[in-house]
Amino acid sequence: MAERSWPPLSPFATGLAGRCPRCGQGPLFAGYLALAPSCTVCGLDLTPADSADGPAFFVMWGVAAVVVLFAGLTEVLFSPPMWVHLALWIPLTLVGAAVMLRPVKGLMVALQYRHRIAFDDPHG
Ligand SMILES: [Zn+2]
């Protein structure tokens with residue numbers, strides 16, 4: 001397997017889909033956010049690919065920007081009572097972050113692979 005060369009794949013296609021950044025087929029995750037130890041298809045070692053809290057940073061700021069924008073627009077346009085804001089934006093923030101974390105983490109791992117960060121000899 002190590003002798004084979006792998007054509008470059010889009011980090012966006014593989015990462016956002018949660019697929020191995022080298023072959024694009026094996027699953028990247030072994031849980032909600034836990035990376036698989038290695039690719040089940042091409043054998044790429046995924047243990048050095050830990051992106052730590054990088055994805056959380058981008059998701060936090062992305063979701064916050066969207067929520068603040070819509071909360072501001074809602075206040076200006078409708079001036080609802082405060083409980084409406086709380087009922088809308090707290091759940092939306094939590095769900096938005098939960099939904100976005102996995103694809104953003106996949107993208108960051110795929111970008112690390114593409115730019116040879118953390119992986120020793122990732123392109124075989
Ligand atoms: Zn693979």
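User: What covers the buried residues of helix 3?
Analyst: This is a predicted model: local features need pLDDT of at least 70, side-chain atom pairs count only at pLDDT 80 or more, and totals for chains, interfaces and linings use all residues. Helices are DSSP runs (H or I, at least four residues) numbered from the N terminus. A residue is buried if 20 or more other C-beta atoms, placed from the backbone, lie within 10 Å of its own, exposed if 12 or fewer, and partly exposed in between. The cover over the buried residues of helix 3 includes helix 1 (11–17) and helix 2.

User: Which residues of helix 2 are buried?
Analyst: Residues are numbered from 1 along each chain as its sequence is written. Part of the cover here comes from helix 3. The buried residues of helix 2 are Pro-55, Val-59 and Val-63.

User: At what angle do the axes of helix 2 and helix 3 cross?
Analyst: Axes are lines fitted to C-alpha atoms, for helices over the stretch in contact, and angles run from 0 to 180 degrees between N-to-C directions. Helix 2 (residues 54–78) and helix 3 (residues 82–114) have axes that come within 8 Å. They cross at roughly 145°.

User: How many residues of the contact of helix 2 with helix 3 are nonpolar?
Analyst: Two residues are in contact if their C-beta atoms, placed from the backbone, lie within 7 Å. Ala, Val, Leu, Ile, Met, Phe, Trp, Tyr, Cys and Pro count as nonpolar, Asp, Glu, Lys and Arg as charged, and the others, Gly among them, as polar. The contact has 5 polar residues, 1 charged, and a nonpolar count of 15.

User: Where does helix 3 bend?
Analyst: The bend at a residue is the angle between axes fitted to the seven residues ending there and the seven starting there. Here the angle is about 35°, and a proline, Pro-103, follows within four residues. The bend is at Leu-101.

User: How far does helix 3 reach from its first C-alpha to its last?
Analyst: Helix 3 has 33 residues. The expected span is 1.5 Å times one less than the number of residues. That gives an expected 48 Å, and helix 3 comes close to this with 46 Å.

User: Why is Leu-88 partly exposed?
Analyst: Leu-88 sits in helix 3. Leu-88 counts as partly exposed because its number of other C-beta atoms within 10 Å is 15.

User: How far apart in space are Leu-88 and Ala-71?
Analyst: In sequence, Leu-88 and Ala-71 are 17 residues apart. In space, C-alpha to C-alpha, they are apart by 8.6 Å.

Key:
Helix = DSSP H or I, 4+ residues; strand = E, 2+ residues; numbered from the N terminus.
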